[in-house]
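Please consult the sequence and the structure alongside the text.

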Amino acid sequence: MKFEFINKNEYLQRIQEFQDLFMCCFNKEISKEFLIWRYMQNPMDELLVNVALDNNRIVANYSASPYRVCIDGKLEKAALSMTTMTHPDYRGKGLFPKLAMDLYKRMEEENYIAVTGFPNNNSHSIFVEKLNWNNIYEIPTMKVDLSRIDKSNSSISFNVVNDDNFSLDYSKLVNNKKNKIKVYKDVNYLKWRFKDNTVNKYVNYILLENNYVVSSVITKSFNKSETDIVEVNSLDDCSTKRLLEYIIDTEKGKGKKYINMWCHLNSNTHGIVEKIGFVNTEPVSYFGVRCIKGNINDLRNYNNWDIQMGDSDVY
């Protein structure tokens, strides 16, 4: 058995092996285009992929997707924990914890501050008990039943435009919440995460003021009857409320029955969506962190975070 960090050239050469292992582990396909988008085209341009090889064949894999995290206005390197895969014939040998701990050591050498993630019910206990992860929160999904919402009679439709290509000026929104820990989302990140995504199609509703984006709400269809709000960023609560009301009217007009989102209990946005009619429901998502460099207590406190659906790899 051999353990190896692989570079981008090796990743491309072995991409079919990753696809085959994914099918073997989860009984569903993962596209080459998705893997290239997630790991090769990431704006951070760093590859965090560790594999176990037996007879030069990948039998287990643990990867993370780099991002920049903003803490008190300072940018640090972090990563999102991604798919863990072990071939059924090699399970029970401790390969996943070995791959993960070696990757975390490598990340420490490269000045990563933390790895975050949203482990499912099957992997959550392993992350906490064997990989020294800290639970931060169990994030509920907030849902609104559109049949219970009257049309807002919003008069601002002429102020709302779509910018799905992220071609306008988002500089006022970047790192707007200076007192929160959040994924740093400049226009390059937004284009990669939403415009270039190979799996989901996103709609970016925006409000403009003097050619600057003052509010952006990004949505995607979950199914024929539901829409997910994956990202809400605004300069003020009034803009948030107006844009959300417009989107509710729009989605209801399309025949959608529900809208889902994540929203921090102590945020101003939570009060807005609660008054609109959003309530807590399932699914509930684990959110955890594994500090890589130093003992950073701020990272373990959910009140310090601004986490949204778009920060997960699921939505």
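## Salt bridge between Glu 76 and Lys 74

Glu 76 and Lys 74 join their side chains in a salt bridge, with an N to O distance of 3.5 Å. The term denotes a side-chain nitrogen of Lys or Arg within 4 Å of a carboxyl oxygen of Asp or Glu. Lys 74 is exposed at 53% relative accessibility, whereas Glu 76 is partly exposed at 22%. Here buried stands for under 20% relative accessible area, exposed for over 50%, and partly exposed for values in between (1.4 Å probe, protein chains only).

## Basis of the values

The model is predicted: local features need pLDDT of at least 70 and side-chain atom pairs count only at pLDDT 80 or more, while totals for chains, interfaces and linings use all residues. Residues are numbered from 1 along each chain as its sequence is written, and side-chain values use heavy atoms, with hydrogens and water left out.

## Other salt bridges

By the same rule, the count of salt bridges comes to 17. One of them brings together the side chains of Lys 77 and Glu 46, at 3.3 Å from N to O. This pair links distant parts of the chain, 31 residues apart: Lys 77 lies in strand S4, and Glu 46 lies in the loop between helix H3 (32–40) and strand S2 (48–54). Helices (H or I, at least four residues) and strands (E, at least two) are DSSP runs numbered from the N terminus. Lys 77 has a relative accessible area of 21% and is partly exposed; Glu 46 is also partly exposed, at 25%.

A further salt bridge connects Glu 110 with Arg 106, whose closest N and O atoms are 3.0 Å apart. Glu 110 is partly exposed at 27% relative accessibility, and Arg 106 is partly exposed at 30%. Elsewhere, salt bridges with shared partners join Lys 185, Glu 231 and Asp 311 into one network.

## Strand pairing around S4

Strands S3 (residues 57–71) and S4 (residues 74–86) run antiparallel and are joined by 11 bridges; strands count as paired if DSSP finds at least two bridges between them. Arg 68 has Lys 77 of S4 as its bridge partner. The hairpin of S3 and S4 has two residues between the strands, and Asp 72 takes a positive phi near 55° there.

S4 also pairs with strand S5 (residues 112–117), in the parallel sense and over four bridges. Leu 80 stands opposite Thr 116 in S5. From S4 the chain crosses through helix H4 (residues 95–109) to S5 in a right-handed β-α-β crossover; right-handed means that, with the strands pointing away from the viewer, the path from the first strand over the helix to the second runs clockwise.
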